[in-house]
Amino acid sequence: MDNSKRRASTKDKICQYGSECYRKNPIHFKEFSHPHLESILTEAPAKNKYRIPDELSMSREVVLDQLKIIEQIYPELVNSNTPPSKYSKNNTSLAVPPASSSSESPAKTSLSKHSPSDGQGKLKNSPIPKPVNAKATGEAGSSTSVSKPQSKSNAVADLFAERRAKMAKLRAEEPKKPESQPSTSGQQARKQSDPPKQQSGVSLKKVIPRNIEDYYPVVAPRGQMAAKLAAAAPYNYFLTTITDAKVTHLEPLSITFQELLDSSLGELECSVQMNFMVDIGWLMGHYFFAGYENRPLLILYGDETPELKMVSAKKPNITAVKVNIATPFGVHHTKMGLYGYTDGSMRVVVSTANLYEDDWHNRTQGLWVSPRLPPMPEDADTGAGDSKTGFRESLISYLNSYKIGHLQPWVARIQKTDFSEVNVFLVASVPGGHLNTPKGPLWGHPRMGYLLGKHSAPIDDTCPLVAQSSSIGSLGPNPQSWVLSEVMASFRRDSAPIGLRRVPAFKMIFPSFSNVRNSHDHLLGGGCLPYMKATHDKQLWLKDYLHQWKSDSRNRTKAVPHIKTYCRWSHRGLYWFLLTSANLSKAAWGVYNKSAKFEAPLRINSYEAGVLFLPKFVIEDNFFPMESKLGQQHPRFPMPYDVPIIPYAPEDTPFFMDYLRG
């Protein structure tokens with residue numbers, strides 16, 4: 001569809017937030033019109049020169065980035081002689097530099113709603129810059145004009161209305177199926193209810209009907225998740241379904257978010273969602289359809305939005321807490337769920353996906369789902385019930401690091417829960433300066449090195465370390481600056497006696513420009529890859545280590561990876577595998593303060609969490625099988641990408657966020 005036709009198709013779909021819209025996702029601007037921004041473009045005397053009205057001057061940086069996005073999508077708007085809107089007399093003309101030469105912090109220029117790259121001042125871990133004016137940071141409303149916003153009393157209800165209208169439009173555009181053909185979920189099509197009416201109450205039942213297929217594009221059959229989880233043993237490791245790859249909808253190792261709330265896993269009593277980005281309307285919809293919209297829910301998040309700030313007023317059972325970090329270069333990047341059931345049991349889920357639509361749409365994400373963890377007997381010893389991996393103790397230490405009172409009931413509950421069936425290690429990062437403890441290092445890459453040195457089978461030095469992430473931080477002017485001197489020093493370790501060993505090869509999987517261009521969402525699929533060209537230009541040595549994203553075996557070559565993994569393998573098998581929220585960056589993994597006079601403390605900027613699979617604890621062997629063979633005792637490990645991996649060709653370049661800025 002050309003731009004003019006697309007404009008015609010969206011002219012009546014005006015963004016409900018009006019001039020308070022803070023979004024920077026190009027998809028949002030293709031779906032909704034923003035009259036206040038389009039008026040600025042039509043008045044612009046030339047490209048990159050905009051007259052910003054006084055009433056928008058407080059959020060000028062946000063507006064400038066939004067204008068660049070719309071200009072790229074609809075270039076015909078610039079100086080189109082459309083009758084201008086009325087502006088204040090003291091408008092200022094501002095020139096916006098091209099992205100490749102911008103001197104601004106990428107924290108102000110990134111279009112991604114996604115994971116951070118680095119905490120060293122190169123790419124702040126907040127892809128949606130926070131508005132600086134009172135209007136933009138207040139509660140979201142339904143404004144459609146710059147000067148006269150409408151009532152803001154029903155923002156949560158509007159989120160549901162927007163979602164349902166979008167899904168109805170998508171379903172209307174699909175070719176009609178024969179009446180006898182079942183839907184994706186195998187359920188009979190249900191009569192669509194009237195559009196939701198504006199309500200002032202908090203009951204979601206008054207806002208949307210219980211028809212999940214009108215709300216989410218992929219819906220799994222109900223009541224089957226427990227069986228799916230049992231079949232996934234001993235790894236309990238899944239990838240998210242891919243909307244545009246229908247073959248993934250029925251894969252036994254692919255899941256949707258609503259399956260985490262499936263009744264077969266237990267009747268939910270309360271839960272915690274810990275994440276970086278949370279679209280509260282999207283998340284509440286899942287709880288609503290599962291029948292848990294009124295159960296206690298604690299949300300710890302990193303990226304502030306107006307909806308999260310006001311959600312407790314609309315839904316008193318929800319407590320949303322912004323996790324503040326002292327350094328501006330760190331964020332709350334952990335993606336973890338705690339689920340408590342009415343019978344006293346609970347479950348832990350560690351993920352790589354943010355809690356909003358795009359991350360569960362056409363992006364490759366990973367999840368580890370724990371077994372159901374029963375409560376301990378009343379007379380059990382206080383030290384009993386932990387796993388051989390010490391997962392419960394590690395989880396309690398991690399939760400206590402927040403120093404948030406809302407988590408203390410959960411710490412008490414976890415202490416009285418039997419974690420003995422957990423077969424993975426928790427590997428986490430906590431902001432601050434850290435020294436070794438009597439139990440070894442607790443956080444970051446030294447924690448990985450400690451666990452590998454204690455438990456990993458001896459590994460041949462010819463086996464490379466393969467890192468794969470959705471962003472890359474500032475790694476230094478050469479490989480020895482940090483990757484080889486610190487990360488490899490930790491990740492290369494095993495239980496063999498310390499001696500003269502050569503440094504293993506290092507390989508990095510990161511999507512190339514061609515990977516993203518050929519993805520389901522084309523270049524817009526790169527919105528989850530906040531790696532800037534300016535950062536790459538300072539570490540060109542990395543090009544020699546880069547490899548393509550390819551996942552034909554999992555039907556995800558065209559699903560841009562937001563998953564993050566680290567592992568080592570040889571022809572014998574996989575020696576260990578780490579699934580984590582941590583990208584390859586100093587902010588996530590930590591860097592030693594080498595100027596310290598005594599013991600060098602480790603400096604970490606962000607919260608991160610992941611799970612380490614070691615064969616010794618999962619299958620009582622030295623390596624995981626990576627192929628399926630007749631008579632094989634254990635199932636092959638479900639790698640997220642194809643092995644062997646393919647290096648970049650000479651003409652390849654990493655995908656840069658700059659490509660989305662024009």
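## The big picture

Helices (H or I, at least four residues) and strands (E, at least two) are DSSP runs, numbered from the N terminus. By that count, this protein has 17 helices and 22 strands. You're looking at a predicted model, where local features need pLDDT of at least 70, side-chain atom pairs count only at pLDDT 80 or more, and totals for chains, interfaces and linings use all residues. Residues are numbered from 1 along each chain as its sequence is written, and side-chain values use heavy atoms, with hydrogens and water left out.

Of the 662 residues, 58% are buried, meaning under 20% relative accessible area with a 1.4 Å probe, protein chains only. Now take contacts (heavy atoms within 4.5 Å): among those with a separation of 6 or more, 75% link residues 24 or more positions apart.

## Zooming in on strand 19

Strands count as paired if DSSP finds at least two bridges between them. Strand 18 (residues 565-569) pairs with strand 19 in the antiparallel sense, over 5 bridges. Here C567 sits opposite F577 of strand 19. These two strands make a hairpin with 4 residues between them, and G573 in the turn has a positive phi of about 155°.

Strand 22 (residues 608-613) also runs antiparallel to strand 19, joined to it by 4 bridges. In this pairing, L578 has L612 of strand 22 as its bridge partner.

Methods: Buried means under 20% relative accessible area, exposed over 50%, partly exposed in between (1.4 Å probe, protein chains only).
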